[in-house]
Structures are given as C-alpha cells and as structure tokens.
Amino acid sequence: MNCLSRIECGAMGRGLVKVKTWISLFALLIHFTSVCWAFLPNFWSRVLTLSWDSYTHQYMTEQALINVTMETLSRTQGYQQDFDSEAGLGRAFWQAVHEVVSANADMDFLSSTRSDPVYHFDSERVEGATEMLRDFWKQTVLLTQKKEYQAARHSLGQLFHSLQDFYSHSNWVEMGRHTEYRHLLHPKEPAVPVASEDTPTCAACHRFSCYNNLLEELVRGHNTQQPLLTTGYFSTYPAKPTGKCSHGGILDISRHQGAEGGINKDSTSPLFSPHHYLHKEAARLATTATLSVLQDLRDEVGPKCFLRLFSVQQPPALVFVMDTTGSMFEEITAARMRILSIIQARSSSQAPGLPGTFVLVPFHDPNVGPVMETDDPDEFQKFMEDLLALGGGDEPEMCFSAVQLALIHSPPLSEIFVFTDASPKDRHLYSTVKALVLEKKSKVTFLLTEDPSRAPGGKEVTKRKRRETLSPDRFSLYSSLSSVSGGMTIFTSNRDILKASAIVEDNTASSKVTLFHAESEADSSHSFTVDQGVSAVTLHVAGKLTQCVLVSPTGASQSLLSAPGPLAELDQSEGLYRVNLLSPLEPGQWQLNVTAHGPITFNVLGESTLDFFYYFAVETNETHPGLRRMEGSPIAGVPAFVVVAVTGLSSSAEATFSHVTLLGTNGESLQKILLNSSSSSWSSEELVGHLDSIPRMPFSVRLSGKDGKGKELERVSSEAVQPTHVQILVLSAPQLLSGHHSTVLFEVFNHGPARWLTLTAKDDHGYLSDAKDPSFFIGERGSVRREAELRIPHAAQAGQTVTLTLTVQAQDSPDLNYAVVHLTVLPEEPDMSPPSCSAMRVELACPPQCSLANWSVSLAVKDRGHSGLASVQLAEGQGTLTLFHKETTRRAENPFTQLHKEATEGQVSPLMQLNEEVEEHQLHRHRTRLGHRAHKLETSTLVHSDPPLNVSMWARGRHITLHYTSGCCDPQADLLVWDRAGNMRRCHLIASQQRALREKEKNSAASGPAGWVLTLALTGLLGLCAL
C-alpha cells in the first residue's frame, strides 16, 4: 500500500462528526477575483472551488505529520504505542500541527509571499525556489537543534508549501516521473535542466482541460537530450514571455497570453486546473516528498528531539515565576513541595511520553532572571532548591518583566504560576505581556500572599516596606491578566500558601480540560455539564464565600461549607476553594449556587482527552481561495468565520457537534453559532460557523454537541477574546543576520472614528532601535504604515530567536490590538545570489510605425541575498530609467500608485499589493474603502551615459521600483543591478515581447470576472443537481 492509500484508509476510521450543511455556495463563489493560486490552501478551499476530492496543502501536511509521528512512536522507547489511534497524541501535538499548517497556508495569504514566484515554483524560478527550499531546511534543522521549536515549526510549514507546489506547478508529473525530485533538497542528487527564458514550452490550448499542451522536448526530450523542466507563469508578475506555459485556470489572466491554457494540477476542477486529471498523481508525489522531509528531519535531529518538536504526548509545561525577596520564604517552600509532588506523580503514573518542559524565572528588583529551562525534572528540582529568599523587602517589584520572559521561553498552552506578595513596578509592560499571553494561549495564575483588602495596622502584619503610597487596586493588573488568559488570581496567606498551591497540580494534569469558566460579583448561580468521557472533576472557586451549594443532575444537593456530603469533598484555604466530585461521577448538568463577599472566579476542570481549538477567520479570494486566520484580536462588528478543531476523539467514538456559544464574562450566553462540517481529515475534525458580526464585548467560547447516546457534550476555552477596533498587520518579517540591520514593516488600521493611537514595540534582546513618534493620528477607517528596525550585534548567535511584540492602543478608549513576530538569527554565509528584476507590467505597446509612440515597463528589483541592493545603471537603451524612493510618510496620494493604476488599467501587481494591503484583507470589504495610504515619493532618473546610481540608502533591505520609458524605435534596453556583495544581474528589456501581451489582454476582455463567475456558479449548481 502506498503512502497516499495508507492515509486515505486511516481517515476512514475516525470519529464521525455529523452536522448540517447550511452555506450557499453561489454566494461564496461571487467573491472571486482574477488572481493566481497553488494547491488549495486549506479545507474551506474545496467548498469555494466545488472540488470536494482535491488534496489541499493542509491535508497533505497533516497526514504526513501524523504518519511519521506514529511511525516514530512505534520505534521509540518511553512512549505509549498501543493507544487509540491519534487520540492519544495529546492536545499539544494538535497545536503544533496547527502551527505547521498555518505557516504553510500563510504562504498563500501574506503579501510578502503570496505572489512571489520563488515561494511557489512559478514562472520558471526553479533555481531561486530550490535555493530557498534548502534555506528553509537549514533553518528548520538549526532551530530544532537549538530547541527553538515554535520557530522551527514555522520554517517547516514554509518548506512544505514550496515543496508541495513544485509537483503541482511544474511538468515533473507530465514527464512520467513516479518518484520525488530528490535534487530539490539534496544537491548531490542528479538535476534536471530547466528550460531557458527564450525556449518555448507550451502549445496553445483553448479549453478548460488541456491535454498534451506541453511541447515534446518538455515531456520526452529531444534527440539525445533529456526533457526540460518548466513551471507555469501566472497573472502579470513577472511578465510571461511568448510561448511559455501559464499556470492556468479561471483565476489566472496570463492564460490568455500565448501560449494559451495552463499546466497547474492544483485541484480536480477543470475550471481551476487545466491538468486536473493529473492532480492526484501530483498530490501523491507531493505527499511522498513531505513524508521524506519529515523522515530526514527525524534522522537528522534524532527521534526524541523530533517528538519534542511536535510536543507528542507532552503534559502542559510547568512554568514558575518566583519573587525571591526576603519576605517570600513560605512561598518558595510551597512551590518546592508542589514541584516535588508533581514530579513524583508523573514518574509513578507511567504516563506515556517525556515528563514535559519546566521553566523557572526568578525576579528580585532590580534583577530579573536568569531563565532556567529544562526537560529534566531532577534538574528543575535542583533549580528550585537553589532559590533563596534574600534582601529586598520593599515593593513594588519587576513582576511583568519576569512574566514576559516566562512567556517567551515557554511553549504554547503553558500553565504559568506567579508567586509574589508585591504589586508590579513595570506596569508599562502590561499590554506586551497580554499580547504574549494571547499569542501563546497560555494561562497565568497569580498566588498572592498580600491581600489588598487588609487595612494597614490591622491584624495582619505588612511584610514589606513601601517606598511610596500604594493604591488599593495595585493588584488589579494581575487580576486583569489572569482573567484574559483564563487563569485565576488567588489572594491567600503565608499560612495557607501550601494548600492554595494545590491548584498547580490540578492545572498541570496531562489530560485536563475546561468544562466551565466564569467571573461573578457576589451572589450567582452557574451550571456545567459532565459527560461520560470525563473521569474526574475538580472545581476551583477563588474569592470569599459565605454559602456554596452544589446540585447534582438528579437534584441532590450539598452545602459545601457545612458538613461533608455525598456529592463532593471540599479542600478550603484562604482565597481558594477546591471541590472534588466524588465517584461514581453522575453525568449530566450540575449546578453551583454561591453567595460571596466581593468578586469570585469559577473554574471547572475535568479529566478527558476530548478538547478543541478555535480561531476566527475571514474568507480570502484575492490570491488563493480559503479561510485566512485573523491575527491578533478580532475586529468588532465585522462578519467572520469561526473554525473549530476537535481533538482527542477516539476512532471508536461517535459525536455530533452542533454549535458554539459565545459566553460573557459571567458565563451568560451572548450568541449561538451553528457549525457545519468540513472535509478535513484530522483526528481533530474541523468545523466552521459564520458570525454576521463579531460582538463588541469580551467573550469566551463553549463547544456543544452530543455523544453517540445522545448525551450532552460541552467543552470551554476559557481565555477571554477581546474584540477591538484597531488592528496591526505585519507585512514583512525578515530573517536576521549578526552585524546587520533588519526592518519589520507593518500597518496599523483604525476601524473606528478619527483618533490618536499609541504604538509600543518590545523585543526580548534589546535589538530594537529607538522608536520614533509612538503616538500618531489616524483618520476614520484609515491606516498608517510603520517600521521597526532591529540592529543585530555581531555577537548574536545563529539559531537565536528574537520575539518582537507590537501593540497599538487607542488613546480615547480601551481598544487595543497586538502582533507577535518571531524572528530568527541565521548563520551568515557568503552572499552568492545576484539581485533579481521582474517586469511587473508593460504599460504602453508599440504600433507598427515605431516613431509614433513610446513603450514603457515597471520593474520590481530586489536582492534575495543578505547584502542588500547597492546600485543600478542603464547600460543600454536610449530611454529614461526612473527610480521611486520614499522620503516621508504622509496621508496623500501616492504618485506611483496612481501611475501604476493608470498603466495597468486597475490590475494589482504583487508590488502594489504590498502598498495596497487593505485590499488583501477581507475585513475591509465591509467598511468604507480607504483612500490610498501613500508615502510621499521622490524620484531619481538615469540615462545611458550616467554612472551607477547608489540605491543602498533607499532600498534598506527592501525591493525598489523602477520605471523605464523609451521610444518604440529603440525596443531594447539593458539594466545592471548590483548588490553590496558585488553580485550583478543584467536585466534585459524587450518591447516586442509585450506587444502580444497587450493584444491578448484586449481579446480576453469579454471573458472577465462576470463571465467566468456565472460559468462557475452554473457548473457548480449543475453538479449539485446531478448528485
């Protein structure tokens, strides 16, 4: 049985998720625009393209990861090997898989990669794409060996995308090849020559399905020569030479240029893939190549490191942030005892997998750290034994600085416990820490041994000196952060800190799930559901109760603060009530009625493998049809999709998940969202629901369904979603090199009224240059583009990961949003890559009588190495070369944007997509169109006799835009481009190549978007009627 067959069979035995189909396909299809695409990005792409049996990037990546992981488990000692299919891989594994899949799909969605042919093996950029593939491989291995697992997963996802695209976008399958192209990642393996730029590769094809349109020498070779490798051109970037193959399909306007048609095998639909009949073979080879990469990675880093990379069978990371001032002796002692208890429990339980990750961050004003991170429980225990409570004695302390380090150095889904008796001195870091909490999906629980309600001079003795008068709500930021993360803030005492710290053991159990989470004031009543798949239930109530009554599904009740009863047992300490339901557990809806002094927080944990993830997404059709994840906090008031991934469902189980409910902070229902199924093949089946409008108030998410016996199933994701009206989109995130400067480009959007905003940028290594103008004004529904420059010292080590956290806060409201960028310092190798130049668009065509007109072309010039562009020169040609460079940022019309619009008749090239990022994001379809966010541009011009022009100060690691204009009687020109390493590229411009391009585009005007949308919709409806 081959790899793909094995995957298909494995998918058939998964848990059944039944849902109702509710979406109108026609309504979705009308949103398409005329752009290019690759293998479909994710599960929703099949819906948008009516190609239900297509293999997507998501499917191939998920299944390869599952197969190689299962294979590795079967060979590795210390891991459980007889568990029920993928259900036993653990929640952290599915989170890791999601990170790889997201990085893969983002290659089709991000403006910096979606239309660059090098990332997709398009436009015969085989050499550059192969070089980039090998760079991704080196990065993945290096980062894995450095234990920078999150960054390694991101790099691996990017590698998979480009590798899989090769088999769909090239003629490798048409050559009759039945094995993967090993040369792509193994330079010593034999290479296949690539067709030169002036070699025709395709014959014209005027149908949706293109058979035998590749020329003979591209398939079988010519005389004694072996076949040539080619890949299809798409859209207008770069310009397609006459006689070359197009990508093809109704989203590719280059299909109308000679040679007409296309060769892509992205889907099984002839409307989108001219070589649709070869899709499954291309997918089989892409899957085989993906499996090979994973197997090679396992062999390179070792099986245990490989399993750690994907968090296989890993319990939640245990992270302690410890105040070590002299008043903290009891707290440190309690933490030590809890660590010992957890380590002993994990050791004696004989649970599968390794014991997990342990992180300790001590802080003691003014010092924070060092971070102590280990996978060895004995070593971590020694770290704790070495902690000493010395000195200090005054407050506040640098608590948020320590929590920031803990978040950066811990994996996603960590449980972070902060022991302190002091308020935060570094309150300014709150928004940065909050952003990291949300990005990592980690929970933060504070155990505070100074209660803010204690009056000075009362019975309690104040433990610290106070160098200033402190506010009664000085701990409010702790409570706010724990609330956002789904954790708790517990005000306890030295006497009870050991008992209260039992929450650490409860929260770090390997298979714990959340059944309920809420915050209330004083009197309240709450209910939660216990299903038959839950083996143990623990309730945590933080606050001060005067009455607490538990009611079972059959109506039996017990007053927990009175004598022991038949339903549960209570373990009470100051500030925390731990309630354990007694066996046998009664399935059904339980109720908890409480009366309290002041605010209280409820959390109900169960022991079960069944859980879920979710994210909000928008439909994107502008480059690749699919659902794109909304980064940061979602935008209030706009429509969106919610995507739910169910994890831990055993192959023998049946479950129906019908809806999710958005819950307010008190646990009340705000909105019910119906779910429909996808065709995703995860053990974690993905479901999709649609919101007409994202609520404006904070909420959490509850998943509801029924088991095979019709009994209720509920799981809660306790972190608080905080919708906002501001947004940050990261446009480019470069790799870092020691001794070099790098720039992160991003854009801030204001979805509300005109107002002032404040931007904060923080990195964990101090590489950021001083930020300028942190406050700025944005008009109503406007945007501003900003940059963050990092200066990497020569001493920075290769493999080091730099975490850049960006937050934007409205000055007149609580609106806040964030973006977290993980950047990697790469080893510096000699820059042997010359710059590249690509024609974005020819803007004027030449008539037969050359003296009557001019021709012109716009060029994008970039350096793919790390040196950066140095200079340009017009070596041949009698025309004028114009360079556009940015001088200042203003809200004004961009002259080059206008020039480009007029020249391209409204078509958007990749370079202009970067300048018009708002058009790329679906949220902006639902608001007033923005005016052009423009930068004031100045120009420099060159003619044939001029010396090279220095462009290094303008380029600064980015591409530059050139515009060449000449008389039609001088139809050729040569442009020389150098980088700072001395590499040179000669760019040859020919007017005659573009004449056919313009003619074909005029001829294709009748078959614009309206025509093909109607064709597509009718075809889809006919197909549905035939079912």
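Q: Which hand does the link of Cys205 and Cys210 have?
A: In this predicted model, the link of Cys205 and Cys210 is left-handed, with -95° about the S-S bond. The two residues form a disulfide whose sulfur atoms are 2.2 Å apart.

Q: And are Cys205 and Cys210 buried or exposed?
A: Cys205 has a relative accessibility of 12% and therefore counts as buried, and Cys210, at 0%, counts as buried too.

Q: How many disulfides are there in the whole structure?
A: A search of the whole structure finds three disulfides. One of them is formed by Cys202 and Cys245, with their sulfur atoms 1.9 Å apart.

Q: Where do Cys202 and Cys245 lie?
A: Cys202 is in the loop between helix 7 (149-169) and helix 8 (216-219), while Cys245 is in the loop between helix 8 and helix 9 (279-301), so the pair ties together parts that are 43 residues apart in sequence. The torsion about their S-S bond is about 95°, which means that this disulfide is right-handed. Cys202 counts as buried at 7% relative accessibility, and Cys245 is buried with a relative accessible area of 1%.

Q: What about Cys850, which residue is it joined to?
A: Cys850 is joined by a disulfide to Cys969, with an S to S distance of 2.0 Å. This pair links distant parts of the chain, 119 residues apart: Cys850 sits in the loop between strand 35 and strand 36 (854-862), and Cys969 sits in the loop between strand 41 (960-967) and strand 42 (972-979). Cys850 counts as partly exposed at 30% relative accessibility, and Cys969 likewise counts as partly exposed, at 48%.

Q: Switching topic, what does Ser838 touch?
A: Leaving aside residues up to four places away in sequence, Ser838 touches Arg125, Tyr237, Pro238, Ser858, Leu859 and Ala860.

Q: Okay, now the open sheet: what is its strand order?
A: The open sheet has five strands in the order 28-34-33-30-31, with mixed pairing. Strand 28 (736-737) and strand 31 (775-778) each have a single partner strand and stand at the edges, so one side of each is left without a neighbour in the sheet.

Q: How many bridges join strand 33 to strand 34?
A: Nine bridges join strand 33 (residues 801-810) to strand 34 (residues 816-826), and the two strands run antiparallel. Thr801 stands opposite Thr824 in strand 34.

Q: Which strands does helix 14 lie across?
A: Helix 14 (residues 430-440) lies across strand 30 (755-763), strand 33 and strand 34, and runs at about 75° to strand 34.

Definitions and conventions
Residues are numbered from 1 along each chain as its sequence is written. This is a predicted model: local features need pLDDT of at least 70, side-chain atom pairs count only at pLDDT 80 or more; totals for chains, interfaces and linings use all residues. Side-chain values use heavy atoms; hydrogens and water are left out. Two strands pair if DSSP finds at least two bridges between them. Helices (H or I, at least four residues) and strands (E, at least two) are DSSP runs, numbered from the N terminus. Contact means heavy atoms within 4.5 Å. Axes are lines fitted to C-alpha atoms, for helices over the stretch in contact, and angles run from 0 to 180 degrees between N-to-C directions. A disulfide is a pair of cysteine sulfur atoms within 2.5 Å. Buried means under 20% relative accessible area, exposed over 50%, partly exposed in between (1.4 Å probe, protein chains only).
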